[in-house]
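Here is a short report on helix packing. Please look over the model first.

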Amino acid sequence: MTKLVQEVVSCVEEISKGNDPKKKEKYLSTVKGLGSMIIQNGLYGTILFLLVKGHDDVVKHLDRVIKLQTGEENFSEKVKRAEALQNPQYFKIQYAALEGVKWLRRYADIYLGGEEDGK
């Protein structure tokens, strides 16, 4: 397993071990649409939206994926302070986030997707 996949599994396991089914459902739903949201609105706009809507776990997990792949720490904090767009690595960071989201979605489906037959 690559370091990225290990990190993503750790992130999703944090959510799956919780006892709140609504939180799990909200996380899964958010992660499923995250790639499209980043492509349409950019990483900057997506992070701001997630923060306003209270998707703190997803933002935290994006930060972890971004740090692992680019070394950029606390990217969401830089977004809050309007410093992120000034970063010359912004497009590399956005690409890294998209790559991480791909794996987050896969593992969220596995860990949080529930039964296929409705049981």
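Contact here means heavy atoms within 4.5 Å. The model is predicted. By that cut-off, the buried residues of α3 pack against α1, α2, α4 (75-80) and α5 (90-112). Those buried residues are Val58, Val59, His61, Leu62, Asp63, Val65 and Ile66.

Helix α3 covers residues 56-70, 15 residues in total. From its first C-alpha to its last, α3 reaches 21 Å, close to the 21 Å expected at 1.5 Å a residue. Just after α3 comes Gly71, with a positive phi of about 85 degrees.

Two packed helices are described by the angle between their axes and the distance between the axes. The table gives both values.

| Item | α1 (residues 3-16) with α2 (residues 21-52) |
|---|---|
| Angle | about 145 degrees |
| Distance between axes | 9 Å |

Which residues of α1 meet α2? Val12, Ile15 and Ser16 do, and their partners in α2 are Lys23, Lys24 and Tyr27.

Now a residue within α2: Thr46. Is Thr46 buried or exposed? Thr46 has a relative accessible area of 0%, so it is buried; the cut-off is under 20%. A polar atom of the Thr46 side chain lies 3.2 Å from the backbone oxygen of Met37. Leaving aside neighbours within four places in sequence, Thr46 is in contact with Leu34, Met37, Ile38 and Asn41.

How values were computed: Residues numbered from 1 in each chain as written. Predicted model: local features only at pLDDT ≥ 70, side-chain atom pairs only at ≥ 80, totals over all residues. Heavy atoms only, no water. Axes fitted to C-alpha atoms, helices over the stretch in contact; angles between N-to-C directions. Helix = DSSP H or I, 4+ residues; strand = E, 2+ residues; numbered from the N terminus. Buried < 20%, exposed > 50% of the residue type's maximum accessible area, 1.4 Å probe, protein only. Polar contact = N/O pair within 3.5 Å; in protein donor to acceptor, adjacent residues only side chain to side chain. Expected span 1.5 Å × (residues − 1).
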